[in-house]
2 protein chains.
Amino acid sequence: MSDLRPISFARGAPSLDIVDVEGLKEAAHAAFTNDPAGLTGYGTAIGYPPLRAWIAERHGVAPENVIVTNGSMQADAFLFDVLVSEGDTVIVELPTYDRTLLSLRGRGAQVRMVELEPDGIDVEALARLLDAGVRPTLAHIIPNFQNPAGYTLSQPKRERLLELARSHGFVVFEDDPYVELRFSGERLPTMLSLDPENVVYASSFSKTVAPGIRVGYLVGPRPIIAQIEKLATGTYISPNMVAQGIVNQFARSGAIERSVQTVKTALAQRATALAAALERELPDARFVKPQGGYFMWVKLPEGTDVAALFTAAAARNVQFVKGTDFVLEGHESTLRLAYAGVTVAEIEEGIARLADAYREVTASRG
Amino acid sequence: MSDLRPISFARGAPSLDIVDVEGLKEAAHAAFTNDPAGLTGYGTAIGYPPLRAWIAERHGVAPENVIVTNGSMQADAFLFDVLVSEGDTVIVELPTYDRTLLSLRGRGAQVRMVELEPDGIDVEALARLLDAGVRPTLAHIIPNFQNPAGYTLSQPKRERLLELARSHGFVVFEDDPYVELRFSGERLPTMLSLDPENVVYASSFSKTVAPGIRVGYLVGPRPIIAQIEKLATGTYISPNMVAQGIVNQFARSGAIERSVQTVKTALAQRATALAAALERELPDARFVKPQGGYFMWVKLPEGTDVAALFTAAAARNVQFVKGTDFVLEGHESTLRLAYAGVTVAEIEEGIARLADAYREVTASRG
């Protein structure tokens, strides 16, 4: 192994310099002072009530439509427990978040992947599947700055997707952890706001507060939320009241707006630096520069062995995730670069090393 | 309904006056200061490593034998997911914790209840079941100050139970959240320490720090812990790092020892007051005064309709949990009184009202 400093484009997590640790300290102190009983008591499975109310207000729904969980992946797991039975068909994007794929396949779901385009899932390909008789219970969609692709679902496609959901009777699972991290372009309405009856919406404070706080939530129709509440009670009695109390304080004090601003500014710089470095160092790379979020999807020329590139990059202490992790088959010439956890200097150095690895891999092929 | 002040003997949770809120504030500040990256980052499914190490040291095991979770009920759920399949036989105490019963039955386990005596589960009755061909995968035991009975498993019975586990090839699930709350008598060795190969041990910081902190853990053989780690990764990536960082600080600073002392002192007073009030106000009640923990099990004369007593008590704004909640059938004349959340004055007032309700119920019967 190289003794170069490790540079990781692998993990979708912010670097510590863009986490408001002082703000968290203050929020913890204030939260314990303002509501000691609420933070230290068991609470109930719906989550810390003031935070639930804050989330409900942000989404223009009643608190009864919201459940706050230990991170949004736990929320996904509950939702799948309620809506997805063995053998059910679930639509996902191609590529999509690897943990969602694993979780669905672990439940015995029939996963049908539908091509993701730079403006979101190919809704006409989905329509053809539906016309051909595919009957999904759920479509899992990451509408903004998708993981792994960084792509965003356009407004017309949002509307078309909801139309398909209504006419074919499936639920749209709008998985939206990155929505607050838009650094260019116009914010689009959530599908939840367009059609609250057919959408279950998930998000989290991992990207706006900190991942270690592990607070996520679901918004959806009351019968679904009520079923999940029952499941959550049986699983853990109640989620973390201390963490949710801290998030509530952080949100209501306005610290969250400052935190989001800090994160967005850094992400914009990092995305720009990454795009520039790729254009300069690795002109074979094809990508769409994201308008927000953590990730950039990179396509290398057909036939490039990204598994070999992974090894060659690792020898230079550079990490990324292979595209094959986000699909069921194929995509051997793609990779995901996460730029949230690396500084601009690290990006420049890291992409130079990646390009060096790429030259080695393509030279040995040629 | 009465306009008397509500008094609840129902919930197994401490009153706020015995929770060290100032200590938690200080621990939160120190934890964020000492390890901002550890608290705010994702971490991994095994939990916050310094806390895992602290727990391992307390139990004299390696960190690899420990996983720290979002509360111990989540730990139980993971353990059952790994060890209990549909149709498996699981031994539980009669009576036992209602949520454990629900969780096991929800998994389709064959629950076999074995009588709990004041010195713990009737191990000879269990031996007879085993001799008769019952083949459990697991025996769930709450060894100290059992919920709901308040009873403690004696040392000879601990040894006999382990002998049965070894000879019949089942795992003892030692569910021990109350162990630190002994206020009289001698501490007994954990079954984990007597036979680490055949025991999975669970405990939590709900009773020594605060319930809302939602931090529990399992100690067990490495293959089981490794399987649970995988399951936990797939469920929530990682448990709450902020909460675990706060607990770690609270534990290592010594605040936890002071907190336990405060809680034990209060519980001893409350248990004494409860026993005295019952003897004075409700001489028909039979109970064993606990040596620690939160709960006292009360038997009323055979034929007493505790469901009616529940209603009559509720009309006087007094809550308790009926014994029938902790069993599969029978026990209609028993109830659980939790004394952790009530002051001595509330206990005296509450038992006076309960006795009044009892007189009403028995008078209408007679």
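## A walk through the two chains

Start by selecting helices 4 and 5 of chain A: their axes come within 11 Å and cross at roughly 30°. Axes here are lines fitted to C-alpha atoms, for helices over the stretch in contact, and angles run from 0 to 180 degrees between N-to-C directions.

Before going on, a word on the model: it is predicted, with local features needing pLDDT of at least 70 and side-chain atom pairs counting only at pLDDT 80 or more, while totals for chains, interfaces and linings use all residues. Residues are numbered from 1 along each chain as its sequence is written, and chains are lettered from A and ligands numbered from 1 in the order in which they are written.

Now show the side chains. M73(A), D76(A), A77(A) and F80(A) of helix 4 of chain A make the contact with R99(A), T100(A), S103(A) and L104(A) of helix 5 of chain A; two residues are in contact if their C-beta atoms, placed from the backbone, lie within 7 Å. Helices are DSSP runs of H or I with at least four residues, strands are runs of E with at least two, and both are numbered from the N terminus.

Next, select the side of chain A that touches chain B. Here 40 residues of chain A are in contact with 40 residues of chain B. Helix 1 of chain A gives the largest share of chain A's side, six residues.

Move to chain B and pick helix 6 (residues 123-131) and helix 7 (residues 155-168), which pack at an angle of about 10° with their axes 10 Å apart. That makes helix 6 of chain B roughly parallel to helix 7 of chain B. Colour V123(B), L126(B), A127(B) and L130(B) of helix 6, which meet K157(B), R160(B), L161(B), L164(B) and H168(B) of helix 7.

For a last stop, centre on R214(B), in the loop between strand 8 (199-204) and strand 9 (216-219) of chain B. Is R214(B) buried or exposed? With 33 C-beta neighbours inside 10 Å, R214(B) counts as buried (20 or more other C-beta atoms within 10 Å of its own; 12 or fewer is exposed, and in between is partly exposed). Leaving out residues up to four places away in sequence, R214(B) touches S238(A), P239(A), N240(A), M241(A), N70(B), G71(B), N240(B) and A243(B).

Methods
Parallel < 35°, antiparallel > 145°, perpendicular 65-115°, else oblique.
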